[in-house]
Amino acid sequence: MESRDLPPASLIPSKRVRVTATLPHIPDEIILEILCFLPVKSLMQFKCVSKSWLAMISDSDFEKKQLAVAVKDSGEVDNSRLIMHYPSTKLKSCPLSSVLYDPVGHSVNHDYPGSDLGVMNEIIGSYNGLVCFCIRDKENDIIFVWNPSTREFRKLPPISFMQCLYLVAYGFGYDSVADDYKVMRVACYCMGRRYEYQVRVFSLKGNVWRKIEKFPCYLFTDEPGIHVNGSINFAGVGDSENGIWSIIGLDLVNESYRKVPLPDFVDPIVKPMIANLRGRLCIIFDKNEAVDVWVMQQYGVKESWNKLVTVPYFPEPAAIECTKPVFFLREGVILMDFYGLLVVYNIVSHESSIPTIYGTRYCHEVEVYLETIVSPNAYFKLQGGHQNGGVGGGDAYLEHKVWSPD
């Protein structure tokens, strides 16, 4: 038989060897550290990656970690948005950075929960990404605690109006000891020639309106209380006959009242306009053509009052009760709200400008909120959904949803 030369071994086809690349294992701790620095919108999308990611992002410990990062950076503007309420029931928001830095900002519409129940009466306050607001109808106020970033909300049990109701004012804040968010309701009733005050506090953990000690002074407006340092603060008159104004704060930890001292130069018969500026209590004083903004560097300490800036009215004098500082940058720029008109004022160059925000002009109210994943229903979830609600612990009442405009 004739033999044939075999080809070299290098030319003989070999069997294919399947090589599988192994991705490096990333510990969950590292993944969590990375995730907590991402925008809330991305976190909501990443919940769909896997069941394990859904569990991680929904975990209460991760919620606190993400909040801690957002709060740490709250002095900057990347994690903050402006929410603007318009009398036509519209609600809009825009990044705070676009208002302060961009030539032109863009706003988006918010379809807030409960819009089918009535007209939004006011934004009560904002803390840690939760916005508390009130919808008023003929019979009662309906209070919502809402996270605009995640669209999750909590509807509180309503309290019906009494015929003798004169005014009602609310406040929203955080009890750091109990790790609980609370809504305060101060109702004034006209009983013939005298006024009586009834104060209730609702905690998200307890899910009930509780009566507490009566309010120690007279209120003459329904302006929301200002949350500073774990206290909700109102301007009131201690004696209706002498007309001396003061600031009264409700400590949300022990639910007791304290009087916050005013600066010595303040005219005690003029109502102080109070606000929260970067976590500190501030007062606004009218100077005819301008307003003075004073800040209490250490809450409750009289000697810590310092004048921050004098801001000229822009474009013309407005009602002082409708003027407030909104945000202050370390670079010396302050964002003011003059009767619904936003004005950026540089305290170094003394220059004013009106930011251009498409879709907005004069708004009814403006508030700053952080973008977080804090849930208004966290305590309800932890307790398996078994809570009693209502006034004074009556019938069960709770509505909690992740709301979608669709």
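Visitor: How many bridges join strand β5 to β6?

Guide: Welcome! This is a predicted model, where local features need pLDDT of at least 70, side-chain atom pairs count only at pLDDT 80 or more, and totals for chains, interfaces and linings use all residues. Residues are numbered from 1 along each chain as its sequence is written, and side-chain values use heavy atoms, with hydrogens and water left out. Strands are DSSP runs (E, at least two residues), numbered from the N terminus, and two of them pair if DSSP finds at least two bridges between them. β5 (residues 119-127) runs antiparallel to β6, and the bridges joining them number seven.

Visitor: Which residue takes a positive phi in the hairpin of β5 and β6?

Guide: That hairpin has two residues between its strands. A phi near 55 degrees belongs to Asn128.

Visitor: Is strand β6 mostly covered or mostly open, and how many of its residues are buried?

Guide: β6 spans residues 130-136 and is mostly covered. Buried here means under 20% relative accessible area, with exposed over 50% and partly exposed in between (1.4 Å probe, protein chains only). Of the seven residues in β6, the buried ones number six.

Visitor: In β7, what is the bridge partner of Ile135?

Guide: A hairpin leads from β6 to β7 through three residues. β7 (residues 140-147) pairs with β6 in the antiparallel sense over six bridges. Within β7, the partner of Ile135 is Ile142.

How values were computed
Helices (H or I, at least four residues) and strands (E, at least two) are DSSP runs, numbered from the N terminus.
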